[in-house]
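Reader: I have a model open and want to go through it with you. Can we start with a strand pairing and move on from there?

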Amino acid sequence: MPTPEFILSLREKIGHDALWLPGVKAVVHRQDGALLLVKRADNGRWTLPAGIMEPGEEPAATAVREVLEETGVVVAVERLAGIGTTDPLTYPNGDRAQYLDVVFSCRYLSGEARVNDDENTEVAWFSDAERPPLPPKHQRAVDWARDRDPSARFLS
């Protein structure tokens with residue numbers, strides 16, 4: 001999905017200045033324990049499906065929407081795994097942002113994993129033994145979601 005309209009409107013006013021935005025990461029697992037990952041078109045890294053919350057959208061609904069938009073997979077959100085922040089980043093066009101990182105543990109329901117948008121070049125399920133390395137904040141999200149303690153994680 002392209003950049004949401006509300007962000008384009010903000011960018012018209014502030015240019016490339018840093019934006020603080022709400023985002024979600026979805027840690028999607030199948031019954032066999034495999035993890036759903038996407039390979040980003042902008043930097044070639046394997047990551048979790050993730051995205052920006054639309055104004056007024058509930059965080060869990062964002063997770064479900066983003067996974068479907070990016071991968072063609074339908075999921076159910078099982079629980080909030082944790083809340084943190086991402087590192088500040090600069091996009092290739094010069095836009096700067098940092099995200100409130102709302103992490104959900106999600107269960108696969110249906111659908112064939114496939115590239116379903118222009119944000120990613122590959123989509124695949126990985127066992128732990130086959131999984132490529134993830135950026136640190138994505139690995140943190142996986143660790144939070146896989147922790148057997150059902151409490152959400154918060155950093156202080």
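This is a predicted model: local features need pLDDT of at least 70, side-chain atom pairs count only at pLDDT 80 or more; totals for chains, interfaces and linings use all residues.

Reader: How many bridges join strand 5 to strand 9, and do they run parallel or antiparallel?

Author: Two bridges join them, and the strands run parallel.

Reader: What stands opposite isoleucine 83 in strand 7?

Author: Valine 102 does. Strand 5 and strand 7 are antiparallel and are joined by 10 bridges.

Reader: Switching to helix 3. Which of its residues are buried?

Author: Helix 3 spans residues 136–146, and its buried residues are His138, Arg140, Ala141, Val142, Trp144 and Ala145.

Reader: What covers the buried residues of helix 3?

Author: The cover includes strand 5 (74–85), strand 7 (96–110) and strand 9 (153–154). Strand 1 (19–29), strand 2 (35–40) and strand 3 (46–47) are also part of that cover.

Reader: Pockets next. What is the volume of the largest pocket?

Author: About 1,200 Å³. Its lining has 44 residues, and Arg40, Asp42, Leu89, Tyr91 and Tyr99 lie nearest the centre.

Reader: Which element gives the largest share of that lining?

Author: Strand 1, with four residues. Other elements that each supply at least two residues include helix 1 (5–14), helix 2 (59–71), strand 4 (50–52) and strand 6 (89–90).

Reader: How do the residues of the lining of the largest pocket divide into nonpolar, polar and charged?

Author: There are 19 nonpolar, 10 polar and 15 charged residues.

Reader: And the second largest pocket, what is its volume?

Author: About 240 Å³. Its lining includes Val27, His29, Glu78, Arg79 and Ser105. Ala145, Arg146, Asp147 and Arg148 are also among the lining residues.

Reader: Which elements each supply at least two residues there?

Author: Strand 1, strand 5 and helix 3. Ala145, listed in the lining of this pocket, is one of the buried residues of helix 3.

Reader: How many charged residues are in the lining of the second largest pocket?

Author: Six, along with four polar and two nonpolar.

Reader: Last topic, the annotation. Which residues does the UniProt domain cover?

Author: The unreviewed UniProt entry places a "Nudix hydrolase" domain at residues 19–147. Over that stretch the chain is 45% strand and 19% helix, with the end C-alpha atoms 31 Å apart.

Notes. Residues are numbered from 1 along each chain as its sequence is written. Side-chain values use heavy atoms; hydrogens and water are left out. Buried means under 20% relative accessible area, exposed over 50%, partly exposed in between (1.4 Å probe, protein chains only). Contact means heavy atoms within 4.5 Å. Two strands pair if DSSP finds at least two bridges between them. UniProt positions are given in the numbering used here, feature names are shortened, and annotations may be inferred rather than shown by experiment. On a 1 Å grid over the protein atoms alone, a cavity is a set of points where a 1.4 Å probe fits but cannot get out, and a pocket is an open set with protein on both sides within 12 Å along at least five of seven lines; lining residues have an atom within 4 Å of a point. Grid points are joined across faces, edges and corners, and a volume is the space filled by probe spheres set on the points. Ala, Val, Leu, Ile, Met, Phe, Trp, Tyr, Cys and Pro count as nonpolar, Asp, Glu, Lys and Arg as charged, and the others, Gly among them, as polar.
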